[in-house]
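Please keep the sequence and the structure in view while reading.

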Amino acid sequence: MKTIKNLFVLSVLSLAFVMSSCVSDDDYSLPNISIQEPNIPQDKITTFLAVYQRFEQAQNDGDPTAIIPSDEELYIEGYVISSDQGGNFFEELIIQNKIDDSDSSEDPRLGLRISINVNSLYNTYQIGRKVYVKLTGLTIGESNGVLVIGKGESSQIEQIEATEYSEDCMCLVPFTDIIIRGTEIAEISPKVTTIEGLSEADENTLIQLNDAQFHRSQLGMTFAGEASDEFDGFRTLESCATNNTIPLQTSTFADFKSLQVDQGRGTIQGIYSRDFGDDFSVLVINSRADINFDSDERCDPNVLECGGSIGTAQTIFSQDMESVSNISDLEAQGWEQVLVAGSEQFIIGSFSGNNYAQISGFSSGESVMETWLVTPDINLDGTTDEALTFDLEVAFSNGVILSVLITDNYTGDVTTTEWTEVDVTIPNTPSSGFGGFNNVGDISIDCLEGNVRVAFKYLGSDPSATTRYHIDNLEVTGN
């Protein structure tokens with residue numbers, strides 16, 4: 001019993017010592033935890049644009065980062081737009097310099113990510129909270145493709161440590177000397193834009209997409225709870241107006257990861273960013289509440305529904321790509337490649353002695369690309385129970401951006417032809433590497449007659465939709 005009492009006394013004394021270490025004088029009264037507007041000299045506050053320009057100048061000078069000298073007193077002020085409450089953000093704050101989508105050349109709408117080794121930041125820095133960031137001694141650099149404020153002298157940006165929050169002592173305080181809370185909590189208005197309208201300047205800012213939905217291939221899937229989701233899940237969002245797509249990135253630590261994606265159509269707001277490997281652009285939401293797909297009327301295309309038997313007794317058409325070395329060879333056999341938007345083309349790729357038609361928009365710089373690869377006429381008059389099949393490989397997927405279409409009334413112009421989409425499942429994985437060839441089919445097309453044409457339509461947008469596809473061994477069979 002005496003030992004327990006002694007331990008108790010020691011604990012109390014230790015607690016008193018820790019509490020006393022957090023004050024610099026003899027005032028032992030309760031600390032004032034109310035928030036007051038910090039007294040920061042206006043002439044020491046710089047702009048987000050100046051921060052961006054400082055980093056660009058460092059790169060022009062051959063330096064990977066820009067370091068603010070320890071003797072330069074410098075701040076930025078902005079508004080918090082991220083929250084780690086739902087687990088979709090981790091040890092980071094995203095701030096932007098405006099509460100609405102107003103823009104100007106003198107003070108454009110820009111955002112920054114602050115890398116900080118602390119979680120549960122939402123308790124201190126709520127969405128909309130105005131903050132001041134003391135840049136003195138910090139580093140401006142790029143991490144995962146977006147501009148970041150942290151520590152370090154090399155290209156690898158390090159986190160601001162929890163022990164660096166206060167210069168006076170290593171104790172818990174309601175705000176820090178680096179990220180200082182203001183009194184204002186503003187209502188943040190996202191920039192309403194389109195997928196194709198997004199640019200690098202929108203990174204680290206809050207945006208909203210209207211009239212959007214999850215691609216029909218994603219329905220029934222969770223946000224990030226599938227066996228193939230490692231670290232993050234990527235689900236394809238598409239615009240009902242243009243069919244352009246962007247991946248929604250969800251952490252496998254998010255509290256809504258196991259919920260099914262929304263089935264309807266509507267608006268979604270989130271932070272425009274880049275994936276971990278800096279391969280493509282993504283949208284990241286703070287919580288499930290950021291999705292408002294309140295309409296049940298989806299904008300899915302009409303698909304071919306023949307439903308007949310599958311005939312394999314006769315091969316009506318076959319193309320295995322081994323007889324061609326380039327697209328010109330394929331066109332000489334009656335195929336057509338049509339560029340509707342952009343300049344990205346199908347090519348003939350090869351690996352381990354196997355040829356295939358290949359397309360990818362990666363690093364194309366094309367904000368909109370629409371490319372078609374169309375077969376020659378395939379005559380179905382002499383057969384029944386016709387079926388379509390082909391092999392497909394998906395690589396570096398950041399969205400389902402390939403569709404397969406068919407027509408029995410080709411006008412010679414893909415834009416004026418009435419096409420019907422073939423109901424095939426295009427995989428949305430893997431997000432890195434190659435998925436291997438898989439057979440797609442057999443798809444009944446026996447309700448069509450005469451000459452038909454099959455088309456592969458690639459609708460991409462760099463940097464948000466650049467999935468690579470390999471197509472091989474297309475066949476039409478029948479009895």
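## The largest nonpolar core

In this predicted model, the largest nonpolar core has 41 residues, and the members that touch the most others in it are Leu392 and Tyr469. Two or more residues of this core come from each of the following elements: helix H3 (327-332) and the strands S19 (354-359), S20 (369-374), S22 (387-395), S23 (402-407), S25 (438-444), S26 (451-460) and S27 (468-478). As a general background, nonpolar side chains in soluble globular proteins tend to be buried together.

Which residues does Leu392 touch, if those up to four places away in sequence are not counted? They are Leu402, Ile426, Pro427, Gly436, Phe437, Asn438, Val440, Tyr469, His470 and Ile471. Apart from this core lies another one, made of 28 residues, which include Phe55, Ala66, Val131 and Leu135.

## Aromatic pairs

The count of aromatic pairs comes to eleven. One of them joins Phe214 and Phe223, whose ring centres are 6.0 Å apart and whose planes stand at 85 degrees, so this pair is edge-to-face, because an angle over 60 degrees counts as edge-to-face. Phe214 has a relative accessibility of 0% and therefore counts as buried, and Phe223, with a relative accessible area of 0%, is buried too.

Another edge-to-face pair is formed by Phe396 and Phe434, with 5.3 Å from centre to centre and 80 degrees between the planes. This pair links distant parts of the chain, as its residues are 38 residues apart: Phe396 is in the loop between S22 and S23, while Phe434 is in the loop between strand S24 (420-421) and S25. Phe396 counts as partly exposed because its relative accessibility is 35%, and Phe434, at 46%, likewise counts as partly exposed.

Returning to Phe214 and Phe223, ring pairs link these two residues with Phe256 and Phe293 into a cluster.

Ile271 and Leu206 are 65 residues apart along the chain, yet their C-alpha atoms are separated by 4.6 Å. When neighbours within four places in sequence are left aside, Leu206 is one of the residues in contact with Ile271, and the others are Ile81, Ser82, Phe89, Ile94, Asn204, Thr205, Val282, Leu283 and Val284.

Note on methods. Residues are numbered from 1 along each chain as its sequence is written. This is a predicted model: local features need pLDDT of at least 70, side-chain atom pairs count only at pLDDT 80 or more; totals for chains, interfaces and linings use all residues. Side-chain values use heavy atoms; hydrogens and water are left out. A nonpolar core is a set of buried Ala, Val, Leu, Ile, Met, Phe, Trp, Tyr and Cys residues joined through side-chain atoms within 4.5 Å. Buried means under 20% relative accessible area, exposed over 50%, partly exposed in between (1.4 Å probe, protein chains only). Helices (H or I, at least four residues) and strands (E, at least two) are DSSP runs, numbered from the N terminus. Contact means heavy atoms within 4.5 Å. Rings of Phe, Tyr and Trp (its six-membered ring) pair if their centres lie within 6.5 Å; planes under 30 degrees apart count as stacked, over 60 as edge-to-face and the rest as tilted.
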